[in-house]
Amino acid sequence: MVKQPPKYKRRPVRRELSAGGVAARREGNLWLIALLKTEHKRGEVWVLPKGHVELDARETVANAARREVEEEAGLTDLSIKEQLGVTRFSFQAETATVRKTVHYFLMTTQQKKLTPQAEEGLIDATWQPIDKAIEMLAYQTDKDIVARAGERLLGKPKGSTKQGASG
């Protein structure tokens with residue numbers, strides 16, 4: 001008798017649409033980026049503010065990005081400058097494979113105070129220079145989006161986000 005390979009039950013796929021932002025604030029010649037700290041299964045990690053687009057309310061991705069940054073970082077004085085890009089990734093949730101698409105926008109503010117949204121499990125918030133922010137972020141997708149934001153903010157060619165004393 002030939003042994004049959006085990007049959008794998010395919011997990012259902014759940015698609016999620018999210019939006020978020022790179023909130024930037026200029027201090028002198030330096031651009032600072034808002035980062036949020038959250039608890040993850042691998043420990044505490046720094047991330048960008050983002051969340052679900054409310055499709056039932058016919059919310060646009062730009063409006064969702066602004067709302068999520070306002071809610072999660074406590075920023076109210078935001079100006080959306082441009083869309084930075086879209087990231088896509090998959091992960092295993094308890095009951096399904098989640099395929100997530102996140103639209104990111106560059107936003108500027110003069111507001112200094114960050115207030116992490118405790119109800120969303122956010123435990124800290126900080127403003128960091130672009131290079132330091134990229135270093136601190138836990139996920140490569142977030143690092144890439146902040147690098148792109150840095151290119152836009154500093155008017156530099158792709159791959160060059162170093163900030164000198166002259167900005």
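Buried means under 20% relative accessible area, exposed means over 50%, and partly exposed lies in between (1.4 Å probe, protein chains only). These words are used below for the residues that form salt bridges. A salt bridge is a side-chain nitrogen of Lys or Arg within 4 Å of a carboxyl oxygen of Asp or Glu.

The model is predicted, so local features need pLDDT of at least 70, side-chain atom pairs count only at pLDDT 80 or more, and totals for chains, interfaces and linings use all residues. Residues are numbered from 1 along each chain as its sequence is written, and side-chain values use heavy atoms, with hydrogens and water left out.

Side chains of opposite charge can pair when their charged atoms come close. The structure holds ten salt bridges, including those in the table.

| Salt bridge | N to O distance |
|---|---|
| Arginine 14 and glutamate 16 | 2.9 Å |
| Glutamate 44 and lysine 37 | 3.4 Å |
| Lysine 132 and glutamate 135 | 4.0 Å |

Glutamate 44 has a relative accessible area of 48% and is partly exposed; lysine 37, with 18%, is buried.

Lysine 132 and glutamate 135 lie three residues apart in helix H2 (residues 130-136), which puts about one helical turn between them. Helices here are DSSP runs (H or I, at least four residues), numbered from the N terminus. Lysine 132 is partly exposed at 36%, and glutamate 135 is exposed at 59%. Elsewhere, salt bridges with shared partners link Glu54, Glu59, Arg67, Glu68 and Glu71 in one network.

How values were computed
Helices (H or I, at least four residues) and strands (E, at least two) are DSSP runs, numbered from the N terminus.
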